[in-house]
Amino acid sequence: MAERPFVPSAAGAVVSRPPLIRGNKTAGDVTRDITRLLESRPTALWWFAFLMAFSIFALGALAVGYQTAVGIGTWGLNRTVGWAFDITNFVFWIGIGHAGTLISAILFLLRQRWRTSVNRSAEAMTIFAVICAGIFPVIHMGRPWLAYWLFPIPNTRGPLWVNYKSPLVWDAFAIGTYFTISLVFWYVGLMPDLATVRDHVRSGLCKRLAAFFSLGWNGSYRTWHRYEVVYLLLAGLATPLVVSVHTIVSWDFATSVIPGWHTTIFPPYFVAGAIFSGLAMVLTLVIIARKTMHLEDYITQRHIEPMCKLVIATSGIVAMAYLTEFFTALYSANPYEQFAFLNRAFGPMGWAYAIMILCNVLVPQLLWSSKVRSNLAVVFVISLLINVGMWFERFIIIVTSLHRDYLPSNWTSYRPTPIEVATLAGSFGLFFTLFLLFCRFLPVIAMAEVKGVLREGHATPVESAAVPVPERVEEPALVYRQADAGAGS
Amino acid sequence: MDSSDTKRYWQSMEERNGEWSASPDEFPEPLPEPATAMSRRGFLQTAGFTLATATLTGCGRTPVEKAIPYLVQPDEIIPGRSLWYASTCGACSAGCGVLVKNRDGRPIKLEGNPEHPVSRGGLCAVGQASLLELYDSERLKQPLAAGQPASWDEVDQAVLAKLDAIRTSGGAVRFLTGTVTSPTLQALLAEFLGQFRDAHHVVYDPLSVSAVADAHQQTHGLRVVPRYRFDRAEVITSLDADFLGTWISPVEFTAGYCAGRNLEADPPQLSFHIQFESRMSLTGTKADRRVRVAPGELGVLATHLAARLAKRAGVRFAAEGLDAIPISPELLDEVADRLWQARGRSLVVCGSQDVRLQVLMNFLNHLLGNYGKTLDIESPSLQRQGNDGELENLLRELREGRVAALLVAGVNPLYDLPSSSELAGILQRVPLVVSFAERVDETASVAHFVCPDHHFLESWSDAEVIPGVVSLFQPVIHPLGQTRALAETLAAWMRKPQPVYDLLRQNWRMRIFPRQRGENEFDAFWDRAVHDGFAMVEHKPLQAKPFQFDAVRAIPSVEKPPSGALALVLYPKVGMLDGRHGHNAWLQELPDPITKVAWDNYACLSPATAARLGVRQGDVVRIETLSADAATPALELPVYIQPGQHDDVVAVPLGYGRQGTERFAKVGPRWLFAKPSVGENGRVGVRAAPLLRWTGGCLSPVGREVRIAKTGKQHALACTQSHHSLLTPQNIPWIGGKKRSIVQETTWPAFLRSRSGGTASHTEPPLKEDLWPPDHVYHGHRWAMVIDLNACTGCSACVVACQAENNIPVVGRDEVRRQREMHWLRIDRYYAGEDDVDVVHQPMLCQHCDYAPCETVCPVLATLHSEEGLNQQIYNRCVGTRYCANNCPYKVRRFNWFDYSREDRLQNLALNPDVSVRSRGVMEKCTFCVQRIQEAKIEARRQGKQLADGDVRTACQQSCPAQAILFGDLNDPKSSVAQAMRSPRRYRVLEEFNFRPAVGYLKLVRNRAEDSGEKHDG
């Protein structure tokens, strides 16, 4: 029962495909390569990136501290535009997280074996993105010290309770659930690798921590069996979250009455956009990790390629949503609605709309070309542009809908203050700080899973089929039983 | 017993063997006690005490200050209940009746006195805001001698010595005041000045209507300003007179004007109002017909009208060879016809300071038989008594050094008058200059002695603004400083010091009491007058001479500025007026009803002129006069583009750049990127008075020829409204220029045909039946409001009234620029049309929707619906997500972006204790004055009565001079608000979205032909 899910494609493996993992690695090589990263000194590039990220994070933290001490007035919001950078950043970061869950859960269920090299970093990205996202709903409050009032905590404040009609309460649940499941899923996936680390790192804190967190993993058949069941269940649990979390976030807008917000297309539109932006962010991150951690053999064209194709697909969905919005507005016969959408494209913030179309619809079309897809530098730039475009998409939805709503007397403009810009930058700083720390202190590639796909693209189908017992199940067990690292294969 | 002593019992073998002996203690061995003094029990005691102490001190607030109860409770004062005193508003010389709300011994709100025959219950923005000045810490607390604080005795002795010297030497004493409406003070002034051989009382008004009085001197032999009765006028023709905004007595005129335009009366009434004006005035926005005329063309226009009416009246009037003016003869004929048909029921008014023009006005009104009907000179208005000719004489005397003593009260000549720097030099040569100003203003800072008068809420006084109506001022608080009433000071300087109360009663006993018949006893009469705030007495009408036709001269030629130059129009802004209230933060923050700009003055240019000059809004321009005198300084002001203004005109508000506005440098929140509310000169705005012009013995704000030069500088104006039309912007393809039906208006013929004004009215119950039962069922009261757009003039009295009632903070210029003004009630102003724009005003406040979009989205239930239809905001519960404000279709919610503490801590005394002061991070908005609802309900319950219609009056409703706001219980079908809700004119803003607001609006109706009524875009 347990071993079945891990071999189905073995019989149908196509020989002509390029290998997933280059360099004819053995399972022992994988263990050596990945655990070495944890023991060696960080590269200069890593230090540079880390210090950059950390300084930007510190700047953002200062900005948030100042804003909390003085007031939301330090942002550029006004009586008409009550949300801008804050919620834009929130939706953006939540969206980023989605690709991680997609890769780790849905692609797992769909037996996409290329996910093995990137799923660890994608899941880490999810967690860090949700952390970044979670900051904004708290700091955007006028009185952030009362943020716990959003949770239905039994209390002594009389009959006070949360308003279950409010999408913000739904948000609190959705994000809380999402963070919890993502964290548990990530941690469970880490356990076999932590055990490997425990067994291979010579001494020190790293070994002790790995020993503690691997929860006494012994690599026995029973352990593997339990692990596979839990992992499969968690993948099943996480799968609906890919759809539900951003759906709920989109309800913040869809259930309101503001033209440009009040549209039923938002849930699928937001989910597609989230996956789109998340994939772009995964691309950004794995290309960075590949470069800074020298993982060229583990993150190959076979990994970049499918993600690029997914980007094209989701970009198409997003473009479709942009068009559908206009059609819905036209068809609504609601002049306020029609105005809201035309104002987005042609109003004072039309430049932002143009950036969004350029980055989200036009630029991803370059990925149709396999030449472009194989040029990592270009893919990196495209992924960055998509992130910019998706940030602007949320900015447009939030700000351009608000700034000119029903009564023309209310119409205002919006201009961020340096405090807000620093907060946005700081969230990126936090994200990259966490990611770089993750690269240093945790196995950045899911060793146990990669070992299962080592043969992909190398072996003939006959040879693969000739291997009776899935090596992925047995091989690590073999490793752990023996004291010496290389003896496994 | 013995055996027990001898017999040895043992417990163990060791004991028996003597190795160990039993001790009498319970424990064989002593427990090892620690060497320290702390025992276990002691430790527990200490720990318990420490914990308890820490807990108790942690929970305890700062030491309680004991509130000591009154030893003898003053009569009527019950803590927590407000007392109302009738008094009179002293914020300008119009003399409106007020009721002062006192809580715990301090006045916290002014309201119009509904019984008062002049103001009839309204109170303007300035009057509302004058409360704040009572608590101004920059008011003088004691007299000044040579700029140094002194005691009254010292000042009295010094002044008396100087006055004695003048009395013996026979030097000229000049008492310069604004209009003195107080009969008591007038009598005292006469008595005081009577002591000197050469003494004279000179009166001028900073916003002068001296030409009106001068013209009546010429035509009727009486130097009076008539009392205008807009309520009796069916056809109103106004030439540049802003009678609803700032001219003479706006509250009184607004009440009268709206009485003549009552569409709910049976039959409905709607006067016809045509306004010829050069700038966009508040009055012009209400006109049925508004015609742009350059200031220099008004004379010819009046002559044309006079010629037409003289022909109809059969009076000879020589008016040949008139210059052409760009007004069609058909229109002039139509106006003349309408006026002629409404003889005796029409009114022609003019705001010009040109005596010739005012004489023509008198001629027109005489031809129309309006004297004695719509304007009264036999019992005239006493609200403006200034005589610019006498002021000019005084200035000449001063220049020639013939004045020995100048006493200045109630005016600020060094600010109000042009050539002030010259005047300041002259005043230094006058041997004695005394100012009675409440604070160190421009004039007081050059005076030898400053003898501060009380604030009007601290003092006894009286006012007779209409002959026969004598209002009383009564003190509602003990003077906050060592100030002294002007009357008392004068009495002291006549060496018969008396309290002002005695002086006032004496004068009333001698002069007022004999004029009445109702009461036999003076004390009863006095008590009633103090209670009512005014007394009606008899008045002997003045005798006017027959109309002097000789005085009437045609004005044949247009005064046109040379090409490339513009005519300058200086004008008082609603709220700021002549600048006497420049130190009032509420008024500085009040957006102008037309421009919606606060905290600045500016140069208004028409869109065409701005385009011609190549300037945009916010560009700083230099206004230079063409005239020869080089002493006139140039003004540097930001441009404001004003639709509806004449192309040859640049209009600049007066009243800015006041000394004392430096204080506003620290108004508003202070943070990293905050900017001060004052300009480069350290003051709010720029003083425009140097460009006033003396012409024909009158001080005229109009007619200087100026040239505009760009400076290349920029100055962002604090404008609360950035989009000014109900049309969507033209540059949005496909739907640009589409109109939103947020303001609905119709024409008089359409209204008469069907009372809803032609367009289909939205029906009640709502458009579609709901699938679900209503969210809210109201069994008891259901509060609702109706706002009559036809009555609303946009005067903004309600805005300040709301601010005073609800403790709304002042945020300063920078925050207003960032679109974060806090007013709960705002007045939206929309333009329609291209050049000859129509303007509509729409008061916008929380609509208290039944299906309120704000209520569903709050995550913590901080905003919810009451059982009486109120949308409530619970500040304590609010966490500040701002989702409710985003989801409010009317954007009436206001967020506390910062802690808005007052710039002047003393002004916290003006806070209404019934309304929470909001902290930062919480949302707030209109509550329908829930504290007033509660107060009325408690009072009704106390008296065992049902709450009656009219028991609850919101602050905005109360102060509205036009009575445009109705509030009450919709569940009571007989209530005025329920009746108004049934009016066919009623509509709701954004009704089609089914928010079901509790605020209804009554359509605007303009008295014009139907076809021309359809240019409305908004």
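Student: What share of the 489 residues in chain A is buried?

Tutor: Buried residues make up 51% of the 489 residues in chain A. A residue is called buried if 20 or more other C-beta atoms lie within 10 Å of its own, exposed if 12 or fewer, and partly exposed in between, with C-beta atoms placed from the backbone. In chain B, 56% of the 1018 residues count as buried. Please note that this is a predicted model, in which local features need pLDDT of at least 70, side-chain atom pairs count only at pLDDT 80 or more, and totals for chains, interfaces and linings use all residues. Residues are numbered from 1 along each chain as its sequence is written, while chains are lettered from A and ligands numbered from 1 in the order in which they are written.

Student: How many helices and strands are there in each chain?

Tutor: Helices (H or I, at least four residues) and strands (E, at least two) are DSSP runs, numbered from the N terminus. Chain A has 17 helices and zero strands. Chain B has 28 helices and 41 strands.

Student: How should I read contacts within a chain?

Tutor: Two residues are in contact if their C-beta atoms, placed from the backbone, lie within 7 Å. Consider the contacts between residues at least 6 apart in sequence: in chain A, 83% of them join residues at least 24 apart. For chain B, the corresponding share is 73%.

Student: Which elements of chain B give two or more residues to the side that touches chain A?

Tutor: Let us begin with the contact itself, where 53 residues of chain B meet 45 residues of chain A. The elements giving two or more residues to this side of chain B are helix H24 (853-857), helix H25 (883-886) and strand S36 (894-895). By class, this side has 28 nonpolar, 14 polar and eleven charged residues. Here Ala, Val, Leu, Ile, Met, Phe, Trp, Tyr, Cys and Pro count as nonpolar, Asp, Glu, Lys and Arg as charged, and the others, Gly among them, as polar.

Student: Is B:Arg740 buried or exposed?

Tutor: B:Arg740 counts as buried because it has 20 C-beta neighbours inside 10 Å. It lies in the loop between strand S29 (718-719) and strand S30 (745-747) of chain B. Leaving aside neighbours within four places in sequence, B:Arg740 is in contact with A:Pro408 and B:Leu726.

Student: How does one read the length and surroundings of a helix, such as H10 of chain B?

Tutor: The expected span of a helix is 1.5 Å times one less than its number of residues. Helix H10 (residues 298-313) of chain B has 16 residues and reaches 22 Å from its first C-alpha to its last, close to the 22 Å expected. Twelve of the 16 residues of H10(B) are buried, so this helix is largely enclosed by the rest of the structure. The buried residues, including B:Leu298, B:His304 and B:Arg308, pack against strand S9 (235-239), strand S10 (272-277), helix H11 (329-341) and helix H12 (355-367) of chain B.

Student: Which residue follows H10(B)?

Tutor: B:Gly314 follows H10(B), and its phi is positive, near 75°. This glycine lies in the loop between H10 and H11 of chain B. B:Gly314 counts as exposed because it has 7 C-beta neighbours inside 10 Å. B:Gly314 and B:Leu367 are 53 residues apart in sequence, and their C-alpha atoms are 9.4 Å apart in space.

Student: Which way do the residues of strand S18(B) point?

Tutor: B:Val469, B:Ser471 and B:Phe473 point one way, B:Val470 and B:Leu472 point the other way, and all are buried. With five of its five residues buried, strand S18 (residues 469-473) of chain B is therefore largely enclosed by the rest of the structure.

Student: How does S18(B) pair with strand S17 of chain B?

Tutor: Two strands pair if DSSP finds at least two bridges between them. Strand S17 (residues 461-466) of chain B and S18(B) run antiparallel and are joined by five bridges. One bridge partner pair is B:Ile466 with B:Val469. The hairpin of these strands has two residues between them, and B:Gly468 takes a positive phi near 100° there. S18(B) also pairs in the antiparallel sense with strand S19 (residues 534-536) of chain B, over three bridges.

Student: What is the order of the strands in the open sheet of four strands?

Tutor: The order is S38-S31-S40-S39 in chain B, with mixed pairing. Strand S38 (965-969) and strand S39 (986-987) stand at the edges, each with a single partner strand, so one side of each is left without a neighbour in the sheet. Strand S31 (residues 783-788) and strand S40 (residues 999-1002) pair in the parallel sense over four bridges.
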